Amino acid sequence: MDAEKIVKLTPETIRRLVDGQRISAVPKLPAGNRHHERWPFPGTVEVWLPEGCYGERHLLATLHNLSHNGLGMRSRRPVPVDKKISLAIHQPELSCYGHALVRHCTQAHVGYLVGLEFIFHNDEDEAEEG
């Protein structure tokens, strides 16, 4: 993969990924449960957990679905809820990196289903953090 294809996670990047797949959205759940459509989206999510998390801090997860504001993934290990994580989404057309907040982590038959909400930064926000 070319380094030029590794881009910052932005709403535009997510639109490009979704538009590039040309797949049908999964209908929204009943009112109050989900605010945005989501698309089935196989792929890989690379996750870096913050310091202080127990065990290995770097993991690979399987991308399950994608929406304009977040994603669902399957992980072999639990991911702490309400933690800000760093992530990279890897697709053949591009890879993108950014941050997300872990909204839920539910034990499944195999591994864990994890829901993430994207945190979109602008350059000014990142300068204040650094």
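## Close-up views of a predicted model

**View 1. Thr13 in its helix.** Thr13 sits in helix H1; helices (H or I, at least four residues) and strands (E, at least two) are DSSP runs, numbered from the N terminus. This is a predicted model: local features need pLDDT of at least 70, side-chain atom pairs count only at pLDDT 80 or more, and totals for chains, interfaces and linings use all residues. Residues are numbered from 1 along each chain as its sequence is written, and side-chain values use heavy atoms, leaving out hydrogens and water. Thr13 counts as buried because its relative accessibility is 4%. Buried means under 20% relative accessible area, exposed means over 50%, and partly exposed lies in between (1.4 Å probe, protein chains only). The side chains of Thr13 and Thr10 are joined by a polar contact of 2.8 Å. Such a contact is a pair of N or O atoms within 3.5 Å; within protein, one must be able to donate a hydrogen and the other to accept it, and residues adjacent in sequence count only if both atoms are side-chain atoms. Leaving aside neighbours within four places in sequence, Thr13 is in contact (heavy atoms within 4.5 Å) with Val7, Lys8, Leu94 and Cys96.

**View 2. Leu63 in strand S3.** Leu63 lies in S3. Is Leu63 buried or exposed? Leu63 is buried, because its relative accessible area is 2%. Leu63 and His90 are 27 residues apart in sequence, and their C-alpha atoms are 9.1 Å apart in space.

**View 3. The largest nonpolar core.** A nonpolar core is a set of buried Ala, Val, Leu, Ile, Met, Phe, Trp, Tyr and Cys residues joined through side-chain atoms within 4.5 Å. The largest one has 29 residues. Which members touch the most others? They are Leu66, Leu71, Met73, Ile89, Leu116 and Phe118. Helix H1 (11-21) gives two or more residues to this core, and so do strands S2 (38-48), S3 (58-67), S4, S5, S6 (95-107) and S7 (112-119). Beyond its neighbours within four places in sequence, Met73 is in contact with residues including Val45, Ala61, Leu63, Val79 and Leu116.

**View 4. Trp48 and its two partners.** Strands pair if DSSP finds at least two bridges between them. S2 and S3 run antiparallel, joined by nine bridges. Here Trp48 stands opposite His58 in S3. S2 also pairs with S5 in the antiparallel sense, over five bridges. In S5, Ser86 is the bridge partner of Trp48.

**View 5. Asp82 in a loop.** Asp82 is found between strand S4 (70-75) and strand S5 (84-90). Most residues other than glycine have a negative phi. Asp82 counts as exposed because its relative accessibility is 56%.

View 6. Cys53 is buried, because its relative accessibility is 12%. Cys105 is partly exposed, because its relative accessible area is 22%. How many disulfides does the structure hold? It holds zero, where a disulfide is a pair of cysteine sulfur atoms within 2.5 Å.
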